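Please read the following explanation with the sequence and the model side by side, so that each residue can be found as it comes up.

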Amino acid sequence: MIKKFFVCFCIFALIINLCACSAEGKNMFKTKSDQDIANEKLDKVLQALENNDPSALKKLFSVNAINSSDSFESDLQLLIDYFDGKTISYNDQCALNVSKTREDDFEKKAISSTYDVETDKQIYRIAIQDVITNTLDQNDVGINSLYIIIKSDDTNPDYDYRGDGKNTPGINIGIKNITP
């Protein structure tokens, strides 16, 4: 009798568990795409800019990027002052550039993305290089470089925005697009 009860209980628990998993959504076991990861990072950047929140913005950058920049704190304030308005929309300008390195115990993944962002005041071009994982150096994880320019100031607005193409660590404002 106890065995039957135990078996019935296990089957009932399994059914409840499966139903609960199904109710949580079909994407439960689906991993985020690289585009989703890049878009989420941009959303956080835009939210911090719109809220004039340098602390939230700084948290998105890697420790290495902050330490590599001689003027990170002042650049942070310049960026907040440079960005004007509330975001209306954004679109990615091209396929992401995803670099992955894996060797023995080392794994590093970085995503470079570029966007045109429309606010109620201006259209900006933004390029972000974001280190997603680095198993040997956690201080490398986060935004490595962020480039931003007002679209009308860009010399090549018909091409994907990549700034000067150097991925200079930190915040880079008003850097015109590299010539293709």
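This is a predicted model: local features need pLDDT of at least 70, side-chain atom pairs count only at pLDDT 80 or more; totals for chains, interfaces and linings use all residues.

With a relative accessibility of 22%, Asp34 counts as partly exposed, where buried means under 20% relative accessible area, exposed means over 50%, and partly exposed lies in between (1.4 Å probe, protein chains only). Its side chain meets that of Lys109 in a salt bridge with an N to O distance of 2.6 Å, a salt bridge being a side-chain nitrogen of Lys or Arg within 4 Å of a carboxyl oxygen of Asp or Glu. The pair links distant parts of the chain, since Asp34 belongs to helix α2 (residues 34-50) and Lys109 to strand β3, 75 residues apart. Lys109, at 15% relative accessibility, counts as buried.

Residues are numbered from 1 along each chain as its sequence is written, and side-chain values use heavy atoms, with hydrogens and water left out.

The chain as a whole can now be placed around that pair. Its secondary structure comes to 5 helices and 6 strands, where helices (H or I, at least four residues) and strands (E, at least two) are DSSP runs numbered from the N terminus. Read from the N terminus, the order of the elements is α-α-α-α-α-β-β-β-β-β-β. Of the 180 residues of the chain, 33% count as buried, and the accessible surface comes to about 11,100 Å², of which 53% belongs to carbon and sulfur atoms; these areas come from the Shrake-Rupley method with a 1.4 Å probe, and for residues only the protein chains shown count as cover. Among contacts (heavy atoms within 4.5 Å) between residues at least 6 apart in sequence, 56% join residues at least 24 apart.

What lies inside the fold? The largest nonpolar core has 27 residues, and those with the most contacts inside it are Val45, Leu57, Phe61, Ile126 and Leu146; such a core is a set of buried Ala, Val, Leu, Ile, Met, Phe, Trp, Tyr and Cys residues joined through side-chain atoms within 4.5 Å. The elements that give two or more residues to this core are α2, α5 (72-82), β3, β4 and β5, and α2 gives the most, with 6 residues. In soluble globular proteins, nonpolar side chains tend to be buried together.

Setting aside neighbours within four places in sequence, Ala110 is in contact with Asn97, Val98, Ser99, Asp130, Val131 and Ile132. The C-alpha atoms of Ala110 and Val141, which are 31 residues apart along the chain, are separated by 8.8 Å.

The salt bridges of the model come to 9 by the rule given above. In one of them Lys108 pairs with Asp140, the closest N and O atoms being 3.1 Å apart; because Lys108 lies in strand β3 and Asp140 in the loop between β4 (123-134) and β5 (142-150), the pair ties together parts that are 32 residues apart in sequence. Lys108 is partly exposed at 28% relative accessible area, whereas Asp140 is buried at 10%. Salt bridges that share partners also join Asp116, Arg125, Lys151 and Asp154 into one network. Another salt bridge is formed by Lys32 and Glu40, with the closest N and O atoms 2.9 Å apart; Lys32 is partly exposed, with a relative accessible area of 49%, and Glu40 is partly exposed as well, at 34%.

Asp104, found in the loop between β2 (97-103) and β3, has a phi near 50°, a positive value in a residue other than glycine, and Asp104 is exposed, with a relative accessible area of 77%. Asn167 lies in the loop between β5 and β6 (170-173), and phi of Asn167 is likewise near 50°, again a positive value in a residue other than glycine. Asn167 is partly exposed, with a relative accessible area of 29%.
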